[in-house]
Amino acid sequence: MRMFLTFVLVAMVGAACGDAKKTTISMAAASILDTADQVAFNSRTLVTDAGLLRAEIFADTTLFLQQNTRIAMRVVQGDFFSAQGAKDATMTAERADYDSRVGSLDAYGNVIVTSVDGRVLKSPMLRYDSRLNQIMSDSSFVLTEPDGKEMRGVGFRADPNLDVVTVLRLDRGRGGSINLSTR
């Protein structure tokens, strides 16, 4: 019986420690919720520059912060648009922060940009500048063409449709030359 009580006590202490860890995580999440001006679920955010639609961003959870000038989004999917209003590319990310004062969107966590003609750029982080209509990063990236050609490097600057890509440091490529300029 004594062995059984010891086992039950150890199990209860282990469960209590597990609950404390969950409470800490919940409190950290509650902290940012407490500072939010507004919270929205299944939201849509339009990124514009001088009245021109540059991006449409959908998010599972959106927090409006700092008098609604900073928008923190989770589980993000968005579309980029050309000056003529045509869809240029689609982006997905685990999270993103949009600063409406400077017109920049920072995306984090398995960021994937897919151009309308099938080029795919993957990076852990990228920034979109709506005034320049440019995506950029100083992180690692992989750019893949529809025919399987691939380029890996660190740091890039590109238009959202991945037509013109400037690579800061090329690590390697596979499949011969990659045609990046189609316009």
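Colleague: What is the mean pLDDT of the chain?
Modeller: This is a predicted model in which local features need pLDDT of at least 70 and side-chain atom pairs count only at pLDDT 80 or more, while totals for chains, interfaces and linings use all residues. Residues are numbered from 1 along each chain as its sequence is written, and side-chain values use heavy atoms, with hydrogens and water left out. With pLDDT being the predictor's confidence in each residue, from 0 to 100, 75% of the residues reach 70 or more, and the mean for the chain is 80.

Colleague: Over which residues does pLDDT stay under 50?
Modeller: Where pLDDT is low, the predicted coordinates should not be read in detail. Taking contact to mean heavy atoms within 4.5 Å, the model has 0 contacts beyond four places in sequence for the stretch where pLDDT stays under 50, which is residues 1–29.

Colleague: Which residue in the turn between strand 1 and strand 2 has a positive phi?
Modeller: Strand 1 (residues 38–49) and strand 2 (residues 52–65) run antiparallel and are joined by 11 bridges, with R44 standing opposite F58 in strand 2. The two strands form a hairpin with 2 residues between them, and the turn residue with a positive phi, of about 55°, is A50.

Colleague: Is S82 buried or exposed?
Modeller: S82 lies in the loop between strand 3 and strand 4 (87–99), and, leaving aside its neighbours within four places in sequence, S82 is in contact with L53, R54 and D88. Buried means under 20% relative accessible area, exposed over 50% and partly exposed in between (1.4 Å probe, protein chains only). At 7% relative accessibility, S82 counts as buried.

Colleague: How many aromatic pairs does a search of the whole structure find, and why is the pair of F80 and Y128 tilted?
Modeller: Rings of Phe, Tyr and Trp (its six-membered ring) pair if their centres lie within 6.5 Å, and planes under 30 degrees apart count as stacked, over 60 as edge-to-face and the rest as tilted. The search of the whole structure finds 2 aromatic pairs. The rings of F80 and Y128 have their centres 4.7 Å apart and their planes at 45°, so this pair is tilted.

Colleague: How many residues apart in sequence are the parts that F80 and Y128 tie together?
Modeller: F80 is buried, with a relative accessible area of 0%, and Y128 is likewise buried, at 0%. Because F80 lies in strand 3 (residues 70–81) and Y128 in strand 6 (residues 120–129), the separation in sequence of the parts tied together is 48 residues.

Colleague: Which strands hold F141 and F156?
Modeller: F141 and F156 form an edge-to-face aromatic pair, 5.4 Å centre to centre with 70° between the planes. F141 is buried at a relative accessible area of 3%, and F156 is buried at 0%. The pair ties together parts that are 15 residues apart in sequence, because F141 and F156 lie respectively in strand 7 (residues 134–144) and strand 8 (residues 150–158).

How values were computed. Helices (H or I, at least four residues) and strands (E, at least two) are DSSP runs, numbered from the N terminus. Two strands pair if DSSP finds at least two bridges between them.
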